[in-house]
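Here is a short briefing on selected local features of one protein chain. The sequence and structure come first, followed by points grouped by topic.

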Amino acid sequence: MTRILDLSRMEAKMMDYQLKESDLMPVIQKSLLKLAPIARKGKIDLELKPPPDLPPAKIDVERISQLMENLIGNALKFSSEGGKVVLSVYVRNYGKQFLEVSVADTGCGMDTETQARVFDPFFSTKAKGKGSGLGLASVYGIIKNHGGFIHVESEKGKGTTFTIYL
């Protein structure tokens, strides 16, 4: 129920964001630690590739934490036993500086039709019989409201990578 309300607030531009200069790595590390038991249970390798020096970003820590937990949780959910989920963080300059965070998995992957709709509210692949179709729609809204964007790359049977740019 909370996800539906959050999504409704985002779409109506009524969601409150507490943007402040914050270090992104503790947010990512906390999300990884929270989901590590799921990775261990599924015998999935969870790896973080942090940059040597990461500047602070203007973020809502609670919302970015929600976003990271969703992306990591999905990567774990759609990965098989013995799979791997890798989080990589980079500083990129595309005319202005961005923090780039990618969550890559060795899971089942998606076809191009699914990739085109994956951020639509209530769209669910039902690949593993789970999901409301609200998580990635919320991720999209959160990233958009941070002035960033998200990109997905996937190949059926080979895995998926979601990359956010803040």
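**Local features of the model**

G135 is placed in helix α5, which covers residues 135–145. The model is a predicted one. The points below take up this glycine, then a strand residue, a helix and a hairpin.

**G135**
- G135 has a relative accessibility of 9%, so it counts as buried, the cut-off being under 20%.
- G135 and N74 are 61 residues apart along the chain, and their C-alpha atoms are separated by 8.8 Å.

**Helix α3**
- Helix α3 spans residues 61–77, 17 residues in total, and N74 is among its buried residues.
- From first to last C-alpha, α3 reaches 24 Å, close to the 24 Å expected at 1.5 Å a residue.
- Other buried residues of α3 include R63, I64, L67, M68, L71 and I72.
- At the start of α3, a side-chain oxygen of D60 comes to within 3.1 Å of the backbone nitrogen of E62.

**S22 in strand β1**
- S22 belongs to strand β1, residues 20–22.
- S22 counts as buried because its relative accessibility is 9%.
- Leaving aside residues up to four places away in sequence, S22 touches P56, A57, I59 and V61.

- Strands β6 (residues 149–155) and β7 (residues 159–165) pair in the antiparallel sense over 7 bridges.
- Side chains alternate along β6: I150, V152 and S154 point to one face and are buried.
- S154 has T160 of β7 as its bridge partner.
- The hairpin has 3 residues between its strands, and G157 in the turn has a positive phi of about 85°.

Key. Residues are numbered from 1 along each chain as its sequence is written. This is a predicted model: local features need pLDDT of at least 70, side-chain atom pairs count only at pLDDT 80 or more; totals for chains, interfaces and linings use all residues. Side-chain values use heavy atoms; hydrogens and water are left out. Helices (H or I, at least four residues) and strands (E, at least two) are DSSP runs, numbered from the N terminus. Buried means under 20% relative accessible area, exposed over 50%, partly exposed in between (1.4 Å probe, protein chains only). Contact means heavy atoms within 4.5 Å. The expected span of a helix is 1.5 Å times one less than its number of residues. A polar contact is a pair of N or O atoms within 3.5 Å; within protein, one must be able to donate a hydrogen and the other to accept it, and residues adjacent in sequence count only if both atoms are side-chain atoms. Two strands pair if DSSP finds at least two bridges between them.
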